[in-house]
Structures are given as C-alpha cells and as structure tokens.
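Biologist: I have just opened this structure and would like to learn how to read it. Could you walk me through a few features?

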Amino acid sequence: MQVIPTEIEGVLVLEPKVFGDARGFFMESFNQQAFDAAVGAPVNFVQDNHSRSARGVLRGLHFQTGEHAQGKLVRVVRGRVFDVAVDIRRGSPTFGRWVGVELSEDNHRQLWVPPGLAHGFLVTSDSADFLYKTTAYYAPQAEGAVRWDDPELAIAWPLDALGGAAPSLSAKDAAAPPLAALNAAA
C-alpha cells in the first residue's frame, strides 16, 4: 500500500496494491497491521457503513463531537465521488482548511479522515456505492455539520460534473451552519 500524506495533519490517501489481468483484479482492501503502520498508531474500527447515492448527491460536511468523534476510512466500490475532509480541530494550524480527492472504483483509493474533522462527498458518476469504517459508533446526540458551500471554506467542489444541476442535499445538510457558527459556539 502506498501512503500519501495531505496538507492536513493525519489525513492520508491510501493506494492499495491492485493485481489485475483479463479476468479481473484482486486487492487487499484492509489490513489492520498495515493500516496501523500507515497512520502511526493502533486504530480500532467499530462500525462499517455502506451508502448508495445518485449523481449530484452531496452528503456532508458531517462530524461527531467529544468522545463520539469518529475517524473514518472511506472508499468507493462502484462509481466515483469527490471526497472532502475539513479540519475543524480548534487550535490546529490547518483549522478551516480542506483536502479533496477523487475516490472511484477504478483508482481504488481510500481516504483516512481522523477524528476531529468534518467529512463529505459529492457523487460525480451516475451513482456510487460508498463504504466506510468508523472508529466510534453513530451517536445522534453528538452529530454536527458544516455548510457544504461555506464561502470561508471555499471548497472547489467539481459542480461542472453535474451538467449545470445543483447538488442534491438532505434537509439537514441544506440547513447546516457555516464554520463561523461552529467557532462561535465554542
């Protein structure tokens, strides 16, 4: 596995070794020892999730707080998404910065989003199956969100891939506050 650091401390792009021929391919999608070595510490995953979304669906930017903060190891097994992690760790030198990477069934990339970051993705293919492991269980009382189009973040979402359509959001994501509101609540 190739480990590619990003501009945000702890956020890593992981590229597994893929062995393919005319019959298909094989890859080791997760190996605890290799993953722990890549992130530099033991990580305990407690939940696996799978979502399927249509073109133009934008999910995020989500996070959980306190003892329920989640690290996420994310990947796409069908389709293509633009995946984003935003540093919302108070006191971090990269607070308010974001990293975006294309995850697809073709590139087999994974993204490690450590606890303390907000996460979201935009589906740029006809549909996408998105799989992710979490380090904490879902806790609705601890969930939060940051507005996907917050001008302070200035995320360069590839909206041109939607052919002029607006992203499709849940009501909760459409009502998410900007980062400044998160700061004010501290």
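**Reading the annotated residues**

Modeller: Let's begin with H62, which is partly exposed, with a relative accessible area of 25%. Keep in mind that this is a predicted model.

Biologist: How do I read that percentage?

Modeller: Under 20% counts as buried and over 50% as exposed, so a value in between is called partly exposed. Y132, with a relative accessible area of 21%, is partly exposed too.

Biologist: Which residues does UniProt list for "active site"?

Modeller: The unreviewed UniProt entry lists H62 and Y132 under that name. They span 71 residues in sequence, yet no two of their C-alpha atoms are more than 13.5 Å apart, so they gather at one spot. Both H62 and Y132 belong to the lining of the largest pocket.

Biologist: Where in the fold is H62 found, and what does H62 touch?

Modeller: H62 is part of strand β6, residues 58-64. Leaving out residues up to four places away in sequence, its contacts are L117, A118, H119, G144, A145 and D173. A polar atom of the H62 side chain also lies 3.4 Å from the backbone nitrogen of G60.

Biologist: How do I read strand pairing, say for β8?

Modeller: Look for the bridges: seven of them pair β8 with β9 in the antiparallel sense, with A85 bridged to V99 in β9. Seven bridges also join β8 to β11, again antiparallel, and V81 stands opposite V123 there. Seven of the eight residues in β8 are buried.

Methods
Residues numbered from 1 in each chain as written. Predicted model: local features only at pLDDT ≥ 70, side-chain atom pairs only at ≥ 80, totals over all residues. Heavy atoms only, no water. Buried < 20%, exposed > 50% of the residue type's maximum accessible area, 1.4 Å probe, protein only. Helix = DSSP H or I, 4+ residues; strand = E, 2+ residues; numbered from the N terminus. Pairing = 2+ DSSP bridges. UniProt positions renumbered as here; feature names shortened; annotations may be inferred. 1 Å grid on protein atoms, 1.4 Å probe; cavity = no way out; pocket = protein on both sides within 12 Å on 5 of 7 lines; lining within 4 Å. Contact = heavy atoms within 4.5 Å. Polar contact = N/O pair within 3.5 Å; in protein donor to acceptor, adjacent residues only side chain to side chain.
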